[in-house]
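I opened the notebook with the sequence and the coordinates side by side. The entries below follow the order in which I looked things up.

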Amino acid sequence: MNEADIQVLATIRRTEVEGESSDRTTIESHAEKYWKYLEDWSDSWTRLVDTGFIAGDDSGYKLTESGRPLAEKFYAERPDYFWYYYQHYYPAAQASKAHSELCVRVYGRNLTQEGQADMDSLNDLIAYLEIRKDDRVLDLGCGAGGISEYIADETGAHVTGLDYAKSAIDVAMNRTEGKRDRLTFVEGDMNALEFPKHCFDQVISLDTIYWVADVDQALASIVRLIKPGGKFGIFITNSPLTDDGPGACEPRGTWIAQSLKRLGLDFEAHDYTENFLLFWPKMKEVVMDLYDDFVAEGNEVIFDSFMLDADGDYLPAAAAGKLRRYLYIVNVSVS
Ligand SMILES: C[S@@+](CC[C@H](N)C(=O)[O-])C[C@H]1O[C@@H](n2cnc3c(N)ncnc32)[C@H](O)[C@@H]1O
């Protein structure tokens with residue numbers, strides 16, 4: 001099946017999930033979610049009807065028995081441009097001189113980062129989680145694994161990095177071939193973790209929890225993997241531009257904090273907002289400075305993506321006084 005048909009099936013499933021009408025115009029209104037990775041859908045409608053994966057016409061399409069499992073799979077796997085973006089991003093970023101310079105200037109060191117945790121934040125996280133030699137750590141959404149590798153090198157812990165972008169896992173595995181005794185990487189989905197109960201001392205999620213499908217379910221399944229007495233560290237940026245209700249920006253009022261409370265988990269929140277307000281202006285300045293280098297390398301999409309984040313989300317939120325960054329440390333009970 002070609003990528004256009006996959007996008008159409010995933011989007012039909014999206015309209016179902018969101019309770020929308022299933023006419024072609026409504027389905028096509030979601031096309032922008034694929035950003036630069038949008039395929040040409042014009043031939044997919046007849047092809048998918050002919051192959052029996054969907055039924056109906058432009059006034060309303062529905063998934064057939066054979067189309068439904070595929071649509072559910074594709075929607076879970078690649079509901080929007082992020083999956084496509086990360087598949088492209090990590091191999092390109094790992095090989096990019098401009099990206100390496102960006103990481104040094106913005107984060108303080110090149111670990112092929114894609115999130116918002118600079119080196120001070122990362123070192124704080126290691127300290128709060130008390131990661132020690134031989135601990136077993138899971139890094140959720142590890143990307144190309146530079147952060148996992150840094151933690152393993154600094155602490156002597158055994159780190160497993162997990163990411164849904166296969167290309168990122170390949171990059172990480174190749175780069176760390178000589179460190180397999182304490183560093184490994186697996187392709188997997190944060191929403192469907194397949195590790196045994198209590199097999200990690202610490203789990204970390206650095207700017208990845210945004211992608212969980214059901215926050216309560218995901219947090220509960222992550223905590224289940226942690227040994228009693230272990231810890232879970234979550235870095236998030238909260239930037240609600242819409243009114244998310246009173247207290248949504250407060251450390252114990254964000255959507256993550258509310259979920260942790262619902263699950264009855266013991267946690268502390270550390271506020272990184274003050275330093276972080278400088279992060280996105282700095283990112284924008286450095287990215288613009290490196291524009292010519294990104295273009296010369298053929299990596300303009302990396303430039304575009306950072307600019308999209310800066311201008312479309314974080315800087316407007318900062319201007320509206322709604323940009324907050326927190327580190328949540330969840331203490332998994334010993335009983
Ligand atoms: C903003 S990046 C952060 C990467 C890294 N933790 C860092 O701080 O540089 C988000 C990462 O989460 C991964 N990701 C997104 N959704 C995922 C999912 N459902 N399962 C596993 N990884 C996912 C992406 O591929 C990407 O590597």
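Is Val295 buried or exposed? I counted 12 other C-beta atoms within 10 Å of Val295, so Val295 is exposed. The rule I applied calls a residue buried if 20 or more other C-beta atoms lie within 10 Å of its own, exposed if 12 or fewer, and partly exposed in between, with C-beta atoms placed from the backbone.

Ground rules. The model is predicted, and I read local features only at pLDDT of at least 70 and side-chain atom pairs only at pLDDT 80 or more, while totals for chains, interfaces and linings use all residues. Residue numbers run from 1 along each chain as its sequence is written.

Val295, continued. I placed Val295 in helix H14 (residues 291-297); helices (H or I, at least four residues) and strands (E, at least two) are DSSP runs, numbered from the N terminus.

Val286. This residue belongs to helix H13 (residues 279-289). I found 17 C-beta neighbours inside 10 Å, so Val286 is partly exposed. Leaving aside neighbours within four places in sequence, Val286 is in contact with Leu102, Arg105 and Val106; contact here asks for C-beta atoms, placed from the backbone, within 7 Å. The C-alpha atoms of Val286 and Val106 are 7.3 Å apart, although 180 residues separate the two along the chain.

Overall form. I listed 15 helices and 9 strands. Along the principal axes, the C-alpha atoms fill a box of roughly 60 × 55 × 50 Å. Buried residues account for 39% of the 335. Of the contacts between residues at least 6 apart in sequence, 69% join residues at least 24 apart.

Domains. The assignment, automatic or from a database, gives domain 1 (3-79) and domain 2 (85-277 + 316-331). I read 32 Å between the two centres, taken over C-alpha atoms.

Cores. I took a nonpolar core as a set of buried Ala, Val, Leu, Ile, Met, Phe, Trp, Tyr and Cys residues joined through C-beta atoms within 7 Å. The largest has 73 residues, and Tyr90, Val137, Ala168, Val203 and Tyr328 have the most contacts inside it. Helix H15 (residues 300-319) gives the most to this core, 6 residues. Another core, of 13 residues, lies apart from it and includes Leu9, Ile12, Leu48 and Ile54. Returning to Val203, I noted that it touches Leu138, Leu140, Ile222, Leu225, Ile226 and Phe232, not counting residues up to four places away in sequence.

Ligand. I found 20 residues around the ligand, the closest being Tyr86, Gly115, Gly141, Gly143 and Trp211; the criterion is a C-beta atom, placed from the backbone, within 6 Å.

Backbone angles. Most residues other than glycine have a negative phi. Glu130 has a positive phi, near 50 degrees, and sits in the loop between helix H7 (119-129) and strand E3 (136-140). Asp207 has a positive phi of about 55 degrees and lies in the loop between strand E6 (200-206) and helix H10 (215-223). I logged Glu130 as partly exposed, with 13 other C-beta atoms within 10 Å, and Asp207 as partly exposed, with 18.

Terms used:
Two residues are in contact if their C-beta atoms, placed from the backbone, lie within 7 Å.
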